2 protein chains.
Amino acid sequence: MRDQLTERSRQILEAIVEDYIATAEPIGSRTVTRRHDLSLSPATVRNVMSDLEELGFLASPHTSAGRVPTDKAYRFYVDSLLEVRNVAREEQEEIRKRCSLAGKDLGEVLRETSRTLSTLSHYMGIVVAPRFTANLFRQIEFVKLGGRRLLAILVSQNGTVQNKLIETDEELHAADLTRMANYLNHLLQGLTIAQVKERILEEMRSDKIKYDALLAQALRFSQETLIDTEAEVFIGGQANILEQPEFADVGRMKEIFRAFEEKGQILGLLDRCLEAQGVNIYIGSEAHLSQMMGMSLITATYMTGKNTLGVLGVIGPTRMGYAKVIPIVNYTAQLVSRILEVE
Amino acid sequence: MRDQLTERSRQILEAIVEDYIATAEPIGSRTVTRRHDLSLSPATVRNVMSDLEELGFLASPHTSAGRVPTDKAYRFYVDSLLEVRNVAREEQEEIRKRCSLAGKDLGEVLRETSRTLSTLSHYMGIVVAPRFTANLFRQIEFVKLGGRRLLAILVSQNGTVQNKLIETDEELHAADLTRMANYLNHLLQGLTIAQVKERILEEMRSDKIKYDALLAQALRFSQETLIDTEAEVFIGGQANILEQPEFADVGRMKEIFRAFEEKGQILGLLDRCLEAQGVNIYIGSEAHLSQMMGMSLITATYMTGKNTLGVLGVIGPTRMGYAKVIPIVNYTAQLVSRILEVE
DNA sequence: GATTAGCACTCGGGAATGATGAGTGCTAAA
DNA sequence: TTTAGCACTCATCATTCCCGAGTGCTAATC
């Protein structure tokens, strides 16, 4: 791909992409020569631009309106042209301050992180909370509520809690509950939640269980408690995106907001980012999602040690300040990783 | 107030309010005579409308544009003119289906309730989750995590859970934790959370405590666990409100979305609704909130027995289908009450 | 006295018009 | 290969004009 383009076309393409990112207006040949010192005449630039259009890097909204980068152009720009900046001191400062623990619980930190991503980028910030499954099992407790209702509380190593209301067939004694909890805590010590699930299944098939109805019940309860709830997604600063001129049109805006109200829609995409470690970029059509037309997604995974926990990032128009946003996302991910490390 | 107006003015005001609710366009004298059979000429209607403007019920956007109801008119309409409809069978059906428990936890139910309110009304649905303080204490547990970190888990009668990560000065033994939990569970049995807070303070001052550092610590921990987190607010169907013509303007819309991103802003208003039992209506300026200009809020409290738990409702433009929305809000509140009753 | 017809007046919104300017593609000269 | 020149396109913006819905006032009518 790189060699289809001469050095000169590359320069011109870069100029157009950057100008368009800055102004959101179609770029004409004269504008290019005026704003960048290429020592070329507009006519020459016109010829080059015509070639670039032929190759699919540029498109014209109408005959006399200059040209606009395509998704392909942004992709080329991000892959080959972009010089990633550093995160400015003050921005580092702000991220660190706003994403700190400071007595907040995990949910609050992640919500605030999504907002921070949004204010710094001026687009939408997005954070997917760690899947519970990635955690280490710590302890399970049963609390008797009124009647036959039971609350199972599952605590993981890092202090996240999952609880589940269980309706039992018959009333259970406190002593029974203690026995069940002891049994499970012993059985599941030190495993990841994913392993816990397997161990429960194994144990259910074992002989020992066949003769002890109580333990069998304990296993069923713990299994029920572990039913995976949908991953939590925090989307921050939706209002910020309204500043962008591409959403001035109400219809477009309505679409966007509908899309993000159903967080599930975009979760599949984010799951894909979760699999690939590090920074991930989807530009417009690359996401293969109709709601993402004209939008780009920049994500980075956050992790403790070598365990990927979750993913966070920024969603904005394809005309996005990649050079600025990519390092911000990256820096934030690393910071969140460090915070959860200490946890 | 009622007697300032003759029967005829009342009819005309009602006609104007209803037409305006239906069309969102300023209503002129001819329109009134055309759409409602009052057997009056436009000229007469004009005179009446002029009087109504004088009295502050109507306003004209500009000289030749018909008239628009003021907040005062809506208030009068709601108080004196409105005939509250019943909730349609299918709507009852939908509310019941979507707000059912069906294995969901409380948060999910309330979130779905806010969405349901939104789809049925075409405005924004809003639900404030029960304050933890209103619950009955059931049990407190301490779970040791790594190092000096401790997780306190507080369970209420109805199965809601509040947990808090606590950093201790020195490492505690499991036996100590059990003793602490036993002490607290015994001490706080049967109290409401609000009472629990008081009891902890009392106990801290008692003599017994002075000679038992462990119990003193237990009290401190429980106190920390009880620090009230902000009430959870679910706002559903923000996108639905974009259908309304009054938000066609992007600037207005941006304002709204910003206002509701900071849920805290509106929480004060909702708290006021919480105090008054039953249905509450704030029309435009009545809320004394700049963000609520041009918006109305209809709420109803939900409760178990005689305990008010929380509040739910609908936010939309002042030009709102009160006759339809009020019963929907009311019905939903009753339904949610019933659901939580069984809980 | 209340109601209505008539009339002059206001004003926003939409259609028509035209100027402006940014931009293009093509051709021929440098 | 590059560039100057030129004819052409088209969105945008301001201007103008007209239309219609609406108003307030006055005088005639019930």
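Predicted model: local features only at pLDDT ≥ 70, side-chain atom pairs only at ≥ 80, totals over all residues.
Chain B can be superposed on chain A with an RMSD of 0.2 Å by a turn of 179 degrees together with a shift of 0.1 Å along the axis. That is the relation of a two-fold axis, and within chain B the C-alpha nearest to this axis belongs to Val250(B), at 3.4 Å from it. The contact surface is shared by both copies, since 100% of the contact residues of chain B recur in chain A.

**Chain A as a whole**

- Chain A contains 13 helices and 10 strands.
- The C-alpha trace of chain A spans about 90 × 40 × 35 Å along its principal axes.
- The radius of gyration of chain A is 26 Å, whereas a compact globule of 343 residues would have a value near 20 Å.

**The contact between the chains**

- On the side of chain B, 25 residues are in contact with 26 residues of chain A.
- The elements of chain B that each supply at least two residues to this side are strand 4 (137-144), strand 5 (149-156), strand 6 (161-167) and helix 11 (250-261).
- Helix 11 of chain B gives the largest share of the side that touches chain A, namely 6 residues.
- By class, the residues of chain B on the side that touches chain A divide into 13 nonpolar, 6 polar and 6 charged.

**The surface near DNA strand C**

- DNA strand C is surrounded by 22 residues, of which the closest are Gly28(A), Ser29(A), Thr44(B), Thr63(B) and Ser64(B).
- Three helices each supply at least two residues of this surface: helix 2 (29-35) and helix 3 (42-54) of chain A, together with helix 3 (42-54) of chain B.
- Helix 3 of chain A provides the largest share of the surface near DNA strand C, with 4 residues.
- The surface near DNA strand C is made up of 6 nonpolar, 13 polar and 3 charged residues.

**The surface near DNA strand D**

- Around DNA strand D there are 21 residues, the closest being Thr44(A), Ser64(A), Gly28(B), Ser29(B) and Ser64(B).
- Two or more residues of the surface near DNA strand D come from each of helix 3 of chain A and helix 2 (29-35) and helix 3 of chain B.
- The largest share of the surface near DNA strand D, 4 residues, is contributed by helix 3 of chain B.
- Sorted by class, the surface near DNA strand D holds 6 nonpolar, 12 polar and 3 charged residues.

**A five-stranded sheet in chain B**

- In chain B, 5 strands form an open sheet in the order 7-3-10-9-8, and their pairing is antiparallel.
- The edges of this sheet are strand 7 (233-236) and strand 8 (279-283) of chain B, each of which pairs on one side only.
- Neighbouring strands of the sheet are turned against each other by 15 degrees on average, with direction ignored.
- Within the sheet order, strand 10 stands beside strand 9, and 10 bridges join strand 9 (residues 295-304) to strand 10 (residues 307-317) of chain B, the two running antiparallel.
- Across this pairing, Thr299(B) has Gly313(B), in strand 10 of chain B, as its bridge partner.

Terms used. Residues numbered from 1 in each chain as written. Chains lettered and ligands numbered in written order. Least-squares fit on C-alpha atoms with pLDDT ≥ 70 in both. Contact = placed C-beta atoms within 7 Å. Near = placed C-beta within 6 Å. Nonpolar A, V, L, I, M, F, W, Y, C, P; charged D, E, K, R; others polar. Pairing = 2+ DSSP bridges. Axes fitted to C-alpha atoms, helices over the stretch in contact; angles between N-to-C directions. Rg over C-alpha atoms; globule rule 2.2 N^0.38 Å.
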